[in-house]
Amino acid sequence: MIKLLLSSILFCLVINPLFSQENSSWEDYPNMGIMHYSVIPDDIYEEQFNYQNYLFETSKLITKENTELNSIKIRYNVKTDVMECIIGSQYSIIKSPEKLKEININGECYEYTKYIVKKDTTNGYLQKLYSGGQKIYVKHFISTTENKLKAPKLKSYYLVQNKGELPRKFNSVRSLISNSFKNLIKKANEFEKLNQLNLDKPQDLKKLLTYLRSLSKDIVALR
């Protein structure tokens with residue numbers, strides 16, 4: 001009986017600080033002004049086509065001050081360019097993304113930033129595919145037609161950010177690879193063919209970039 005009582009006390013001593021620490025973090029969270037409570041429609045069939053993934057996924061937020069906020073699920077509404085969240089049973093949207101350094105959704109990194117398309121500068125969420133000497137992003141958008149019977153399609157294009165510059169739309173994937181990995185073109189072509197990659201698909205391009213980055217590190221290590 002005494003052993004059982006001691007075990008219960010020890011359990012409480014270990015769990016309570018952790019619980020209090022998490023609660024303390026989330027008590028301050030609304031005061032950060034990042035999120036806004038919202039009603040999010042979850043039962044409209046057409047709405048599912050507006051998302052990169054209609055399901056809410058395990059995520060975390062990292063603020064400009066490097067504060068990490070976990071225990072949250074997020075999905076990206078591509079059509080409205082808004083991050084929708086669930087904390088517990090409460091729906092919210094991120095209303096001040098400029099206060100965040102990044103949003104990590106199921107291992108994928110998103111940044112809210114300025115970027116350039118043609119000569120126009122705008123703000124929005126970019127998914128980061130690669131971070132080396134330059135950063136490579138993908139911008140997702142919804143393509144619609146006048147035919148209401150056709151479902152909207154999720155499409156994307158790539159952007160490149162050189163040091164000290166804003167991300168800029170890059171029209172040619174081949175040129176992107178050539179400019180970023182001039183000495184590894186042959187290896188890139190071999191890897192693409194072997195793995196039957198379609199570089200117009202962001203996840204396939206990410207696989208290739210990850211592979212080329214590993215080769216670059218090996219080359220540097222051998223010098």
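## Salt bridges

A search of the whole structure finds 6 salt bridges, a salt bridge being a side-chain nitrogen of Lys or Arg within 4 Å of a carboxyl oxygen of Asp or Glu. Side chains of opposite charge can pair when their charged atoms come close. This is a predicted model, in which local features need pLDDT of at least 70 and side-chain atom pairs count only at pLDDT 80 or more, while totals for chains, interfaces and linings use all residues. Residues are numbered from 1 along each chain as its sequence is written, and side-chain values use heavy atoms, with hydrogens and water left out.

Select K60 and E68. Their closest N and O atoms are 3.5 Å apart, and the two form a salt bridge. K60 is partly exposed at 25% relative accessibility, and E68 is partly exposed at 42%. Here buried means under 20% relative accessible area, exposed means over 50%, and partly exposed lies in between (1.4 Å probe, protein chains only).

Next, select E108 and K206, a salt bridge with closest N and O atoms 2.8 Å apart. The pair links distant parts of the chain, 98 residues apart: E108 lies in strand β7 (residues 108-117) and K206 in helix α4 (residues 202-222). Helices (H or I, at least four residues) and strands (E, at least two) are DSSP runs, numbered from the N terminus. Are these two residues buried or exposed? E108 is buried, with a relative accessible area of 16%, and K206 counts as buried at 19%.

Now select E111 and K128, whose side chains meet in a salt bridge at 3.4 Å, N to O. This pair joins strand β7, which holds E111, to strand β8 (residues 120-131), which holds K128, and the two are 17 residues apart. At 12% relative accessibility, E111 is buried.

## Helix α3

Select residues 185-194, helix α3, and colour A188, F191 and E192, which are buried. They lie on the same side of α3 because they cover an arc of only 100 degrees around the axis, the arc being that of the directions from the helix axis to the C-beta atoms. Then colour K186, K193 and L194: these exposed residues sit on the face of α3 turned away from its buried side. Just after α3, look at Q196, which takes a positive phi of about 50 degrees.

## Nonpolar cores

A nonpolar core is a set of buried Ala, Val, Leu, Ile, Met, Phe, Trp, Tyr and Cys residues joined through side-chain atoms within 4.5 Å. Select Y158, I177, L205, L208, L209 and L212; of the 20 residues in the largest nonpolar core, these touch the most other members. At least two residues of this core come from each of β8, β9 (135-143), β10 (153-161), α2 (173-180), α3 and α4. The largest share, 5 residues, is from α4.

Zoom in on L209. Which residues is L209 in contact with, leaving aside its neighbours within four places in sequence? They are L129, Y130, I136, I177 and F181, where contact means heavy atoms within 4.5 Å.

Select I74, V78, Y125 and I142 next; a second, separate core of 17 residues includes them.

## The whole chain

Zoom out and show the whole chain, which has 4 helices and 11 strands. Of its 223 residues, 35% count as buried.
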